[in-house]
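Hi everyone, thanks for coming. Have a look at what I'm putting up, and then I'll walk you through it.

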Amino acid sequence: MPDSKITMTSSRPYLVRAFNEWILDNDCTPYIVVDAGVQGVQVPTEHVANGQIVLNISPGAVRGLVIGNGALEFSARFGGVPMQVFIPLQAVMAVYAKENGEGMVFGSEPGSPDPEGPGGKDSEHGSGDNGQGGDRPSGRPTLKVVK
């Protein structure tokens, strides 16, 4: 039925859950890159750099991880201070394994709202690159787009 338009939900929550499970099944540590400027993101701001934060979401690092269809949430300690973290899934820019960089970088999905809202404020975000700005420090894992 190519003539009918079927509205699909976002694939991002399913992909984040799948990559998280795959990374854990391979005895690696799942990390996510989050756009901290997206409305609704609740992360420790003192750890945000260049508008992004990288978070370890392994079972040993977080408690009560829930990757729902709209948001990812968990509780964790940052510098010994407990915090409830809430991340709308459109703010998740990538999920990858710390040990080898294997994972996925997310682009914008058709029909999804602009993460920054009308008149986006982050000039890097919409630059067309895959989220790997050249200003990233060396020594960080590289991300590969998995097709």
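**Contacts, sheet and cores**

So, let's start with contacts, meaning heavy atoms within 4.5 Å. Of the contacts in the protein chain with a separation of 6 or more, 59% are between residues 24 or more positions apart.

Quick housekeeping. This is a predicted model, where local features need pLDDT of at least 70 and side-chain atom pairs count only at pLDDT 80 or more, while totals for chains, interfaces and linings use all residues. Numbering starts from 1 along each chain as its sequence is written, and side-chain values use heavy atoms, with hydrogens and water left out.

Now, what's it built from? The protein chain has one helix and seven strands. These are DSSP runs, numbered from the N terminus: helices are H or I with at least four residues, strands are E with at least two. From the N terminus on, the order is α-β-β-β-β-β-β-β.

On to the sheet. There's an open one of three strands, ordered S3-S4-S5, with antiparallel pairing; two strands pair if DSSP finds at least two bridges between them. From one strand to the next, the twist averages 20°. S3 and S4 are joined by three bridges, and Ile 67 has Leu 72 in S4 as its bridge partner. H1 packs on this sheet, touching S3 and S4, and its direction makes about 135° with that of S3. For those angles, axes are lines fitted to C-alpha atoms, for helices over the stretch in contact, and the angles run from 0 to 180 degrees between N-to-C directions.

And what's inside? Buried residues, those under 20% relative accessible area with a 1.4 Å probe and protein chains only, make up 34% of the 147 residues in the protein chain. A nonpolar core is a set of buried Ala, Val, Leu, Ile, Met, Phe, Trp, Tyr and Cys residues joined through side-chain atoms within 4.5 Å. The largest one has 27 residues, and Ile 32, Val 34, Leu 55, Leu 72, Phe 74 and Ile 87 have the most contacts inside it. Several elements supply at least two residues each, including H1 (12-25) and S1 (30-35), but S4 gives the most, with four. Apart from that core lies another, of six residues, among them Tyr 31 and Val 105.

Last stop, Phe 74. Leaving out residues up to four places away in sequence, Phe 74 touches, among others, Leu 55, Val 62, Met 83 and Ile 87.

Methods
Buried < 20%, exposed > 50% of the residue type's maximum accessible area, 1.4 Å probe, protein only.
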